[in-house]
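Please look at the sequence and the model shown here before reading on.

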Amino acid sequence: MAQPLHPAHPVQDNSPTAGRMPSVLLWAGAGLGALVVVAALALWFHYGTQVFFEIIRTGFAACF
């Protein structure tokens, strides 16, 4: 006789790191986003507004 695809009682992960993975991914994404913002601000302060926007415009033109 055919067995059901999903068990009646789902298996639970009771390990110490069970609920930790989404939190780690969220913090890693937030850290990466903050790094991008800090890098953009550093470029802005180093090269000035005109050169910064010229680099951004050239990058968009190269992509599209």
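The protein exposes about 6,200 Å², and 73% of this area is supplied by carbon and sulfur atoms. The model is a predicted one. Of the 64 residues of the protein, 2% count as buried. The secondary structure comprises two helices and zero strands.

**Packing of the helices**

Helix α1 spans residues 20-47 and packs with α2 at an angle of about 130 degrees, the axes lying 6 Å apart. On the side of α1, the contact is made by A40, L43, W44 and Y47; α2 contributes T49, V51, F52 and F53.

**The salt bridge**

The count of salt bridges comes to one. The side chains of R57 and E54 form it, with a distance of 2.7 Å from N to O. Side chains of opposite charge can pair when their charged atoms come close. Both R57 and E54 belong to helix α2 (residues 49-63), where they stand three residues apart and are thus separated by about one helical turn. The accessibility of the two partners is set out below.

| Residue | Relative accessible area | Class |
|---|---|---|
| R57 | 52% | exposed |
| E54 | 34% | partly exposed |

R57 is classed as exposed because its value of 52% is over 50%.

Note on methods: Residues numbered from 1 in each chain as written. Predicted model: local features only at pLDDT ≥ 70, side-chain atom pairs only at ≥ 80, totals over all residues. Heavy atoms only, no water. Salt bridge = Lys/Arg side-chain N within 4 Å of Asp/Glu carboxyl O. Helix = DSSP H or I, 4+ residues; strand = E, 2+ residues; numbered from the N terminus. Buried < 20%, exposed > 50% of the residue type's maximum accessible area, 1.4 Å probe, protein only. Axes fitted to C-alpha atoms, helices over the stretch in contact; angles between N-to-C directions. Contact = heavy atoms within 4.5 Å. Areas by Shrake-Rupley, 256 points an atom, 1.4 Å probe, with all protein chains shown as cover.
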